[in-house]
Amino acid sequence: MRRSDVRREDGAWVGLSLDVRDRSRPGLCVFSAGRRLLLAQGSRPVLLADVDVHHEGVDFWRTDAW
């Protein structure tokens, strides 16, 4: 990551610019779509979940990937 100051023409500082090139993906990622959740390790699904419509419970399925 490279960072640099953003300045006006008169030299006054107005902000910070970040240039992110190669950001690595974390080991565990959580994805969501509506009431459904997916926990993945890399590209492998680890846990799938479906939240109840009234938020009164969660059904989940664990894979053997982890």
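Colleague: What makes a stretch a strand here?
Modeller: A strand is a DSSP run of E, at least two residues long, numbered from the N terminus. The model is predicted. By that rule β5 covers 44–51 and β6 covers 58–62, and His-55 lies in the loop between them.

Colleague: What is the phi of His-55?
Modeller: Phi is positive, about 60°. Yet His-55 is not a glycine.

Colleague: Why is His-55 called exposed?
Modeller: Exposed means over 50% relative accessible area. His-55 has 66% relative accessibility, so His-55 counts as exposed.

Colleague: Why does Met-1 count as exposed?
Modeller: The cut-off is again over 50%. Met-1 has 72% relative accessibility, so Met-1 counts as exposed. Met-1 sits in the segment before β1.

Colleague: Which residues does Met-1 contact, leaving aside its neighbours within four places in sequence?
Modeller: Leu-18, Asp-19 and Val-20. A contact needs heavy atoms within 4.5 Å.

Colleague: How far apart in space are Met-1 and Pro-45?
Modeller: Their C-alpha atoms are 29 Å apart. In sequence, 44 residues separate Met-1 and Pro-45.

Colleague: How many helices and strands does the chain have?
Modeller: The chain has 0 helices and 6 strands. From the N terminus the order reads β-β-β-β-β-β.

Colleague: How do you know that β1 and β2 pair?
Modeller: Pairing takes at least two bridges found by DSSP. Strand β1 (residues 2–7) and strand β2 (residues 13–19) are joined by 6 bridges, so they pair. The two strands run antiparallel. Ser-4 stands opposite Ser-17 in β2.

Colleague: What lies between the strands of that hairpin?
Modeller: There are 5 residues between β1 and β2. Gly-11 in this hairpin has a positive phi near 95°.

Colleague: How does the radius of gyration of the chain stand against that of a compact globule?
Modeller: For 66 residues, a compact globule would have a radius near 11 Å. The chain has 21 Å. The C-alpha atoms fill a box of roughly 60 × 30 × 10 Å along the principal axes.

Colleague: What share of the residues counts as buried?
Modeller: Buried means under 20% relative accessible area. Of the 66 residues, 12% count as buried.

Colleague: How far apart are the mean positions of the positive and negative charges?
Modeller: They are 6 Å apart, for 11 positive and 10 negative charges.

Terms used:
Residues numbered from 1 in each chain as written. Predicted model: local features only at pLDDT ≥ 70, side-chain atom pairs only at ≥ 80, totals over all residues. Heavy atoms only, no water. Helix = DSSP H or I, 4+ residues; strand = E, 2+ residues; numbered from the N terminus. Buried < 20%, exposed > 50% of the residue type's maximum accessible area, 1.4 Å probe, protein only. Rg over C-alpha atoms; globule rule 2.2 N^0.38 Å. Lys, Arg positive; Asp, Glu negative; His and termini not counted. Charge placed at Lys NZ, Arg CZ, Asp CG, Glu CD.
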